[in-house]
Amino acid sequence: MLDRNGPVADSAALDGFWLPSLAGQLETRDRAFGPDHVPMRVPVLTPHTLRELLVELKRTGREVLATRSVREILTSIENVAGRIASSKDLLHDELVATLPGLTGYSEQMIAVGLERMSEGWTARALREGLEGEFGALDVLDAFQARQTGGYQRAFGPELTVHIFSGNIPGVAVSSLVRSLCVKSPSFGKTAAGEPYFAVCFARALAEDDEELARCLAVSYWPGGSEDLEAIAFSEAGAVIAYGSDESIGSIACRVPPGVRFLGYPNRVGAALLARGMLNSEATGELARGIALDVVNFDQQGCVSPHVVYVERGGQVSALEFAQQIATHLDELSRDIPRGMMSPGESTLIHQLRAQAEVRGATVLASQPGTEWSVIVEERLEFDASPLNRVIQIRAVERLGDALAALAVVGRRLQTVAIAATERELETLAVELGAIGATRIVPVGQAAWPSPHWHHDGRFQFMDLVRFTDLER
Amino acid sequence: MEGYEQLRLEIETLIGRPIRPPIEDDKFQQLALSVFRHQFENNLPYRRYCERRDRTPDSVQRWRDIPAVPTAAFKEAALICGDPAEAEIVFRTSGTSQGPERRGQHYVRDLRLYETSALKNFQAHVLPDGARLRAIILALPDRLAPDSSLTWMLEKVRVHFGAAGSDYFVDQAGLRLVPLLAELAASETGERPLVLLGTAAAFLHLLEALKQRNRRFSLPAGSRLMETGGFKGQGRAIPRDEFYEMLGVHLGLSQFYCVAEYGMTEMCSQFYDNVLRERALGRSPEQRYKVVPPWVQTQVVDAETLEVLPAGQVGVLRHFDLANLDSVMAIQTDDLGIAGADGFEILGRATGSELRGCSIAMDQWLTAQR
């Protein structure tokens, strides 16, 4: 009951891996994943088989990717992205049918997520992203003349090892896609919280472009299997890891020197509303925007807001604005129901609501359950939300006061949604950027970063590659 | 005030009755509704909490409908009847990572009911045979932990039930292993049984030291142990069964003589395992569960809707403790449990490890920054 992921015995299990080089010679065991205890076959990998697999993957990568242009790769990726987005495709259906039980998200949330995330995997979006960072795609295909003289070519890692986290379905696919774009074969280690999307992506890619799909391997092992990770890291040219600070810290220590490491740890978001925007015409849209930012992926993402700072003195008070947000959260809880809750998650919200109430806050909340909560108070500190649609509204005298509170969050600050005049926005953007924020967006768009965003402030592709300069 | 004193005496009388059979629901109802009226009238933050829920002594007819306050509320307000400055003592939850400003505080106006409840329940479940034993205490003494309710209780137990030579074996530096081992060795050769009292974490520490030294004691027959709390702060946690097995191997204690206590800072009453009390009645209980004393009612509620669950379903524990006369009787915990025919089993905290999301460690981290 308390352990979501235990052993199971069920022959109708899903295949929780994509290991084409080991087809037919793989030992597996069944294991239950997610709040629905979905049975899934996972490989029993020994350090020896893993090393062989990775060596083979690198060989395949060299052979296949050297013969492909980036454009060809993008086209194959786009074909799968189209299927994921299309509600008439079996792949889309399978994801909508399986991911809710595996992740706890509602079917509606998964469907919205598939549509929005696959927008970033179209050939156009990927091409524009690559061009934005490299100037032109050709530098990944052949040596190109440099303006400063000589030639250069960008090479992706001979192998990228990805350690995924389970909070947002689709992030794993984006990670694999980016590596393919720079012609790096990839091994993806899935998370217990979302063990399936990357597998489905690779399998679908094989139906369209079998050769390219052989440049991917996806598998699961329990977190902290350091013997397997040691093999994976020693074979890798780059390691990309998503997860808690603790797990990122642990992985960072174990990646050998010389292997590129990109860690994506815990991050949080906030929102700022200037008093000038709080007039009665605009607030309805803004309240709906905040509600959407809270609803999307139930605040599990690093881009989701935890606290909304509202500047006093507008036509609409912080409390009235909070009431509007509450109304939208209530409506949205029917359109996009919140995901399944563990007893701990529900309990935390009930406890936090009471704590805030006794402290003097106004608590607007669903009853009797915890579907949504809006906590309004005159308090400056940034408190992390217990997530699952709990938003804290804080009235401040000036938005500058909020900046001081956000400075404490510092480099953990990911996305800040802002409603302000152009002039205020310019000032706030400078200050937030200096504090550590990596993304500033209009209210309502927090959950859906542009395909070209600098995730955690970094390049999407450029950080993966190595340049070779040719001087003549 | 006369009515108050009478109410207090009635509760004290109830606590004085045998642990079983349980009290008739009518009697509990009558006392609980009186306590609710008293708390509604005198405990201002609690009154506001009830009023926001439209629950008043006039509208509430059944004890089950009395609003239960989540324990986290004790972090923010002095939930006491009357002036907080008049509290005889303020118990605080242990600091952990939350920092001093976030500790739960239980203002206790009058320690008499607390003491009566604690001693009666301890005696019934740890000393059901009326034994008077030397107490070996594996917890901080009260001068080192003046606001710990556990320490306060253990000191009362030592004074009331401990034979000569009862002592504490933990200080700021941790377990005082050398004198403790000497004490255990001396007891082994004598015939006077011991009662070991303390935190599960301290006992685990002792067991690991004994394992390392390959030392096994065989304590005199009738020796027993009461442990409480989780394995917080300990490098590892082990399943309860394994823990009791190790106690058997290294101290020679039968599982029937290992009693787990479950208490909380916010409550004047505690819960104990049934095993030793039943053993004293000549039974060999097959199931270990927590006994609800007659002056307490415990419900298991759905974590999401807070609706009462039938026996056998896992939910969150909610207690109604008449001994909390001057603070809040109805407490919504964050402990997971499952109700049985005659008590409940506790399954651990309902918060923490299973949380998902990008910000699991954030609150802790942010608090550390302040």
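**View 1. Chain B and its contacts.** In chain B, 68% of the contacts with a separation of 6 or more are between residues 24 or more positions apart; a contact means that two residues have C-beta atoms, placed from the backbone, within 7 Å of each other. What you're looking at is a predicted model, where local features need pLDDT of at least 70 and side-chain atom pairs count only at pLDDT 80 or more, while totals for chains, interfaces and linings use all residues. Residues are numbered from 1 along each chain as its sequence is written, and chains are lettered from A and ligands numbered from 1 in the order in which they are written.

**View 2. The build of chain B.** There are 10 helices and 16 strands here, counted as DSSP runs numbered from the N terminus (helices: H or I, at least four residues; strands: E, at least two). Chain B has a radius of gyration of 21 Å, close to the 21 Å from the globule rule for 370 residues, so it's as compact as a globular protein of that length. That radius is taken over C-alpha atoms, and the rule is 2.2 Å times the number of residues to the power 0.38. Of the 370 residues, 45% are buried. Buried means 20 or more other C-beta atoms within 10 Å of a residue's own, exposed means 12 or fewer, and partly exposed is in between, with C-beta atoms placed from the backbone.

**View 3. Helix H7 of chain B.** (The expected span is 1.5 Å times one less than the number of residues.) Among the buried residues of H7(B) are Phe203(B), Leu204(B) and His205(B). Just past H7(B), Asn214(B) has a positive phi of about 55 degrees.

View 4. Leu126(A), Gly129(A), Leu130(A) and Phe134(A) are buried in H5(A). They cover an arc of only 110 degrees around the axis, so they're on the same side of H5(A); the arc is that of the directions from the helix axis to the C-beta atoms. Exposed Arg124(A) and Glu131(A) are on the face turned away from the buried side.

**View 5. What H5(A) packs against.** The buried residues of H5(A) pack against helix H2 (70-85), strand E5 (151-155) and helix H6 (171-181) of chain A. After H5(A) comes Gly135(A), with a positive phi near 90 degrees.
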